[in-house]
Amino acid sequence: MKMNELKDIELKDLLEKVENAEEKLQQLKLNHSIAPLENPSQIKAVRRDIARMKTELRQRELNK
C-alpha cells in the first residue's frame, strides 16, 4: 500500500486495516515457523505495510 492511498482512507477503516494486517503477520510468522513459506518476503512486505499505516495514523494524530 502506498502512502498516497492511505491518506484517502478514513480513520476507522485505517485502524481496521492495521488490525487485519497485524493478524496476517502473526499467521505468516506461525506458518513460516512450521514449514517454510514459498515467498518469505511476504513477511517483510506486510511488516512494512503495517509501519506505513501506523505512520499515517501518527501523522493524523499530530495534525489535529
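Is D13 buried or exposed, or something in between? Select D13 and you will find it partly exposed, with a relative accessible area of 36%, where buried means under 20%, exposed over 50% and partly exposed in between (1.4 Å probe, protein chains only). This is a predicted model, in which local features need pLDDT of at least 70 and side-chain atom pairs count only at pLDDT 80 or more, while totals for chains, interfaces and linings use all residues. Residues are numbered from 1 along each chain as its sequence is written, and side-chain values use heavy atoms, with hydrogens and water left out.

D13 sits in helix 2, residues 11–34, a helix being a DSSP run of H or I of at least four residues, numbered from the N terminus.

Next, select K29, K44, R47 and R48, which make up a positive surface patch, to which helix 3 gives the most, with three residues. R47 belongs to helix 3 and is partly exposed, at 46% relative accessibility.

Finally, move to E56, which also lies in helix 3, residues 41–62, but is buried, with a relative accessible area of 6%. Leaving aside residues up to four places away in sequence, E56 touches M3, L6, K7 and L14, contact meaning heavy atoms within 4.5 Å.

Conventions: Helix = DSSP H or I, 4+ residues; strand = E, 2+ residues; numbered from the N terminus. Patch = residues over 30% accessible without salt bridge, like charges linked within 9 Å, V, L, I, M, F, W, Y side chains within 5 Å. Areas by Shrake-Rupley, 256 points an atom, 1.4 Å probe, with all protein chains shown as cover. Salt bridge = Lys/Arg side-chain N within 4 Å of Asp/Glu carboxyl O. Lys, Arg positive; Asp, Glu negative; His and termini not counted. Charge placed at Lys NZ, Arg CZ, Asp CG, Glu CD.
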